[in-house]
Amino acid sequence: MLWSLLKILVFVALVALLAFGAGILMETAGGVQITVAGTEYTLGALQSVLALGLLVLGVWIFLKLLTLLIATLKFLNGDETAMSRYFDKGRERKGYQALSDGMMALASGEGRLALTKASKAARYLDNPELTDLLTAQAAEMAGDTHKAAEAYKRLLSNQTTRFVGVRGIMKQKLSEGDRDTALQLAEKALALRPKHEEVQDTLLQLQAQAEDWAGARKTLSTKLKSGTLPRDVFKRRDAVLALSASRGVIDEEATVAQREQAIEANRLSPDLVPAAAMAARAYLAQGKKRNAVKVLKKAWEAQPHPDLAHVFAEVEPEETPAQRVKRFDQLARLKPQDDETRLVMAELHIVAEDFPEARRALGDLVERAPDARVLTLMAAIEKGEGADNAVTQAWLARALTAPRGPQWLCSNCNHIHADWAPVCEHCTSFDTLSWQRPETPEVASATGVHMLPLITGAAAASNAASGAVVVQDIVDVDEIDASAEADKADDSAGSEEGGEAQAKAKA
């Protein structure tokens with residue numbers, strides 16, 4: 001109602017303005033004199049303006065008639081579309097104007113307006129490649145997935161727009177969670193545009209999630225050839241895929257191909273911890289201990305890790321604790337100041353019942369990085385050296401509220417994983433897991449707080465911090481609660497069992 005009233009007011013104002021102007025022109029003296037064939041014509045001011053307007057109108061009509069005459073002559077000379085093109089010029093102008101307005105609305109985030117302009121452009125233009133694309137994008141922005149899917153399907157019929165249609169439907173299937181169909185569409189899209197980086201990344205991620213390691217390696221090679229992936233990143237990710245294909249290599253039924261892939265993964269990326277561990281196991285399965293030790297040493301020099309220590313212990317499973325300490329000294333000399341080196345050597349000395357040496361191996365870790373593993377090892381050392389139960393229990397109480405230390409952390413979503421995996425189980429990102437300490441300490445349920453009285457008594461429980469975590473079963477609590485005068489051999493066995501569980505080095 002208000003808009004109609006406003007239009008009426010504008011119309012009245014224009015009429016009043018024209019009347020006022022005409023009155024001024026009528027009262028204005030002078031005019032225009034025109035001489036034609038000896039006859040002189042004198043026009044007043046108002047008459048001059050009207051004559052000028054009629055002249056402009058006459059010229060416009062003349063040009064229109066001239067273009068119509070030219071189109072008619074072309075039609076008579078055999079150009080069958082000349083007349084239709086003449087009458088369609090106005091429609092094209094309106095159509096392209098609607099198309100332009102729709103693109104502006106789309107860029108402004110006005111999905112409904114863009115969809116309306118796209119429909120108008122489709123009525124005036126015979127150019128479905130443009131109008132269907134605008135319709136699809138506008139419908140997606142407006143939330144009309146059904147209409148968007150119809151527009152993308154129409155784009156499939158044209159060779160020049162087929163890739164756009166396949167990619168659009170692929171993204172819709174991804175948003176719907178239909179990964180199997182999206183994977184097939186991504187393969188078709190990559191066949192149409194092998195150098196399209198977004199499609200390459202999408203296909204690689206879908207293949208990794210579907211555990212199609214052979215297809216993923218092929219896609220990775222395509223990324224390298226097209227120049228969308230640096231060679232060093234390609235080598236690491238190719239190693240990750242080869243490693244993923246060789247999972248289960250420690251099983252008795254592991255094929256020769258799996259073992260070869262594990263070895264190839266280590267060759268492609270020697271510093272990839274899971275690849276080194278699997279390659280070493282593959283060599284051990286073939287009876288090649290020297291090759292296994294060489295692989296583990298190279299990986300340990302790049303990044304010490306508990307899994308590497310575990311496999312290094314499997315090289316000589318029948319050795320005594322003292323022999324194992326001596327053999328592990330090969331790894332310790334590679335990175336003597338690394339935290340993992342200190343922890344592993346401390347655990348091995350605990351197994352060998354050399355508790356003073358275990359304390360020296362830990363060094364300043366208790367003050368510098370007191371995580372659950374370090375504090376529990378200190379409890380085992382104190383227990384082995386015959387300290388009071390209260391001292392041992394105090395270390396365990398601290399361990400309950402301490403962070404767990406380095407873990408497999410996704411760099412994309414910071415999700416913590418118990419074991420390494422090629423794809424993050426939380427955000428499904430590929431090759432984003434790394435061994436590092438979480439930025440913030442873990443917060444577990446209050447169950448740990450209620451467990452404190454069982455270890456340290458009610459007084460210790462009242463001083464415990466909230467949000468405790470349950471530490472690894474490194475030292476048996478029941479043995480710690482036993483009398484300090486209990487059999488020394490049982491105490492040593494408990495310490496030995498704790499050291500083996502943490503170092504994964506069974507004597």
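Helices (H or I, at least four residues) and strands (E, at least two) are DSSP runs, numbered from the N terminus. The structure is a predicted model, in which local features need pLDDT of at least 70 and side-chain atom pairs count only at pLDDT 80 or more, while totals for chains, interfaces and linings use all residues. Residues are numbered from 1 along each chain as its sequence is written, and side-chain values use heavy atoms, with hydrogens and water left out.

**Salt bridges**

- A search of the whole structure finds 23 salt bridges, each being a side-chain nitrogen of Lys or Arg within 4 Å of a carboxyl oxygen of Asp or Glu.
- Lys-173 and Glu-176 are joined by a salt bridge of 3.9 Å, N to O. Both residues belong to helix α7 (residues 162–176), where they are 3 residues apart, about one turn of the helix.
- Glu-176 is exposed, with a relative accessible area of 54%, whereas Lys-173 is partly exposed at 25%. Here buried means under 20% relative accessible area, exposed over 50%, and partly exposed in between (1.4 Å probe, protein chains only).
- Asp-431 and Arg-236 form a salt bridge of 3.3 Å, N to O. This pair links distant parts of the chain, 195 residues apart: Asp-431 is in the loop between β4 (416–417) and β5 (433–436), and Arg-236 is in helix α11 (residues 231–245).
- Asp-431 is buried at 15% relative accessible area, while Arg-236 is partly exposed at 27%.
- In the salt bridge between Glu-382 and Arg-359, the closest N and O atoms are 3.3 Å apart. Glu-382 lies in helix α20 (residues 372–384) and Arg-359 in helix α18 (residues 355–362), so the pair ties together parts 23 residues apart in sequence.

**Positive surface patch**

- Lys-64, Arg-91, Arg-93, Lys-94, Lys-120 and Arg-123 gather in a patch of positive charge on the surface. Patches are made of residues with over 30% relative accessible area and no salt bridge, like charges being joined within 9 Å.
- Helix α3 gives the most to this patch, with 3 residues. Arg-93 is found in helix α3 and is exposed, with a relative accessible area of 58%.

**Cysteines**

- The whole structure contains 0 disulfides, a disulfide being a pair of cysteine sulfur atoms within 2.5 Å.
- For Cys-413, the nearest cysteine sulfur is that of Cys-424, 3.6 Å away. Cys-413 is partly exposed at 26% relative accessibility.

How values were computed:
Patch = residues over 30% accessible without salt bridge, like charges linked within 9 Å, V, L, I, M, F, W, Y side chains within 5 Å. Areas by Shrake-Rupley, 256 points an atom, 1.4 Å probe, with all protein chains shown as cover. Lys, Arg positive; Asp, Glu negative; His and termini not counted. Charge placed at Lys NZ, Arg CZ, Asp CG, Glu CD.
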